[in-house]
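I opened my notebook to look up a few things in this structure. Here is what I wrote down as I went.

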Amino acid sequence: MYDKGLSVLERYGLTSQATYRGRGALICETQAGLKQIKPFEGSAKRLERQNQLLEHLQACGHEHLDIILRNEEGSLTSTDKEGYTYLVKNWWDGRECDVKNQEDVCRGMQQLARLHKDMFLKTEQGENPENLIETYQKHNQGMKKIRSYVRRRRQKNDFEYLFLKHVERYLSYGTRALEQLEHSGYSEMRWQCWENGTACHGEYNQHNILMRGEQIAAVNFDHFRFEDQTADIAQFMRKMMEKHGWNKGLAEDMLEAYSSVRPLSHEEWNCLAIRLSYPEKFWKVTSFYYNNNKAFLSSRHQEKMVNLLRQETLWQEFMNSLFGNSLFPDNPI
């Protein structure tokens, strides 16, 4: 399917000299430099907003971005003869952030802070900021629903027995995080973000951070949203901490790298702590199980559950050490 997307380059006055596969896309060498051709199935209005954010960042001096190109008719999308719709973006030749390299990780964190300093876009009617309180309420209800479903099953598999053994404890973590969020200054901070048009990348991870020498690029803003920016920080930190065994030293280096560019406010620090204390991975693994074919549950999926349970003590010790023991007070496993 990706090779067929080559034909849309004609709509941009471009010709491909060489191609290679990227992550879910086709990378092309053209007379105007590297371009990415990517299938598109989303909302045209949202795509225009994404492009406005990228153009704003570019105007603020951020050079290395995957700017979406307009075709010769002025459209951000192009449809080929077979009816498939594509985007064409400027692309950047670099390697992905190496999660095993702590210098790479900290550089990625610093780049996130640079983006956050300029990630503001005047909100339009209907563009309300994400509500983390509602999200955690839904997540907690979802875990309770899965618990009821598994309890009713007569023949349970190993994953389900493992889930039932630990779900009450993880539900208590989710309940505590929700209560702390409700009694924090989050709601006021959320509406302040709406007034300011504060935006997040939405999927800031190692795959969307490209490096070449001293240069660094952030790409794939497809999931950008209006939300307090601790969402990006927590997502990237959680991913790195899971890969590094909740290494407090690395976390401190990451936060120092971020704060050297954009210091966190007291409210943001509290919100980050609550985000990292929520049992996100447990909810994600169990939700995947519930929403997919239970009869063909892969061993890899069970491994994910086992691994997160193995890291539970490390996670709690990390949280209490970095943020204080109010997050997991007297909670033996």
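**Rings, a helix and some cysteines**

I began with a charge and a ring: Arg190 lies over the face of Trp191, 4.7 Å from the ring centre. Keep in mind that this is a predicted model.

Next I looked up the aromatic pairs, and the structure holds 13 of them. I noted Phe163 and Phe282, which are stacked at 5.9 Å centre to centre with 15° between the planes. This pair links distant parts of the chain, with Phe163 in helix α4 and Phe282 in helix α9, 119 residues apart. Phe163 is buried at 1% relative accessibility, and Phe282 is buried with a relative accessible area of 1%. Both belong to one aromatic cluster that includes Tyr170, Tyr173 and Trp315.

Then I turned to helix α2. Its 17 residues should span 24 Å at 1.5 Å a residue, and the end C-alpha atoms are 25 Å apart, so the two agree. At the start of α2, I saw a side-chain oxygen of Asn101 within 2.9 Å of the backbone nitrogen of Glu103. The buried residues of α2 include Val105, Cys106 and Leu112.

Last, how many disulfides are there? I counted zero. For Cys106, the nearest cysteine sulfur is that of Cys97, 9.4 Å away.

Definitions and conventions:
Residues are numbered from 1 along each chain as its sequence is written. This is a predicted model: local features need pLDDT of at least 70, side-chain atom pairs count only at pLDDT 80 or more; totals for chains, interfaces and linings use all residues. Side-chain values use heavy atoms; hydrogens and water are left out. Helices (H or I, at least four residues) and strands (E, at least two) are DSSP runs, numbered from the N terminus. The expected span of a helix is 1.5 Å times one less than its number of residues. Buried means under 20% relative accessible area, exposed over 50%, partly exposed in between (1.4 Å probe, protein chains only). A polar contact is a pair of N or O atoms within 3.5 Å; within protein, one must be able to donate a hydrogen and the other to accept it, and residues adjacent in sequence count only if both atoms are side-chain atoms. A disulfide is a pair of cysteine sulfur atoms within 2.5 Å. Rings of Phe, Tyr and Trp (its six-membered ring) pair if their centres lie within 6.5 Å; planes under 30 degrees apart count as stacked, over 60 as edge-to-face and the rest as tilted. A charge sits over a ring if NZ of Lys or CZ of Arg is within 6 Å of the ring centre and within 35 degrees of the ring normal.
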